[in-house]
Amino acid sequence: MSITPQDASLRAREICQAAPIVPVLVVHDAAQARPLAEALVAGGLPALEVTLRTPAALDVIRAMADVPGGIVGAGTLITPDDVKAAKDAGATFGVSPGATDTLLDACEAEGLPLLPGAASASEAMRLLERGYTTQKFFPAEAAGGAKFIGSLASPLPQISFCPTGGVSPSNAMDYLKLANVICAGGSWVAPSKLVEAGAWDEIEALARDAAALKA
Ligand code: 3PG
């Protein structure tokens, strides 16, 4: 069933409102998927972005999809094939670093709510013209950081952003306090070293600290 850009943005907004931080996950071994998702959800971060950057990513999504309380999405969506594969694996939302009409068409046709990336006023406006009012701002720190997003609030108040890329515990509040930021994405809550070591308690503790970040 297809989805309109407006409904996709409403759903993306709900997902972004579930917690202040969306963990960005790069997982190499599907055996780590379930305990990782359980730790993050237990720590208070239900919305999870599994990047399609490892051969295991689709199996990771499959394994995380039925973790109670989790909302599992696929990140790094680039092509229509990515969209179809992510949907088939059980992803309930998608995230992309940028946006092309081909990718937007595919997500709308597959009914996969997308959080599409923008990094400039023109890119944000093009997405807005098409109906996307919830957008990822990527790469957040490199593209101008909190100062840049804050500057878009006055001319483009209709758009809410999820900044991702370079967000960390030390700068997350600079973003989260902005009126046009609803959440932020970051990989720091699930560092590869801890994932590979199966340090689920430590990851849960990082998630708990991230979930406590409030504007
Ligand atoms: C990414 O590209 O992996 C995401 O934007 C996360 O970036 P980060 O590792 O800087 O949090």
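Guide: P139 belongs to the loop between strand 7 (134-137) and helix 7 (145-152); helices (H or I, at least four residues) and strands (E, at least two) are DSSP runs, numbered from the N terminus. This is a predicted model: local features need pLDDT of at least 70, side-chain atom pairs count only at pLDDT 80 or more, and totals for chains, interfaces and linings use all residues. Residues are numbered from 1 along each chain as its sequence is written, and side-chain values use heavy atoms, with hydrogens and water left out.

Visitor: What kind of peptide bond joins F138 and P139?
Guide: A cis bond, with omega at about -10°.

Visitor: What is the phi of T76, and where does T76 lie?
Guide: Phi is positive, about 60°, although T76 is not a glycine. T76 lies in the loop between strand 3 (71-75) and helix 4 (80-89).

Visitor: How do you know that the ligand sits in a pocket?
Guide: The rule asks that more than half of a molecule's atoms lie within 2 Å of the grid points. The space taken by the ligand is the largest pocket, so the ligand meets that rule.

Visitor: What makes a space a pocket or a cavity?
Guide: On a 1 Å grid over the protein atoms alone, a pocket is an open set with protein on both sides within 12 Å along at least five of seven lines; in a cavity a 1.4 Å probe fits but cannot get out. The largest pocket holds about 210 Å³, a volume being the space filled by probe spheres set on points joined across faces, edges and corners. There is one cavity of 30 Å³ or more, and the largest cavity has about 90 Å³.

Visitor: Which residues lie closest to the centre of the largest cavity?
Guide: C16, V22, F93, V95 and L115, out of 15 lining residues (an atom within 4 Å of a point).

Visitor: Which residues surround the ligand?
Guide: V24, R53, F138, T164, G165, G166, G186 and S187, each with a heavy atom within 4 Å.
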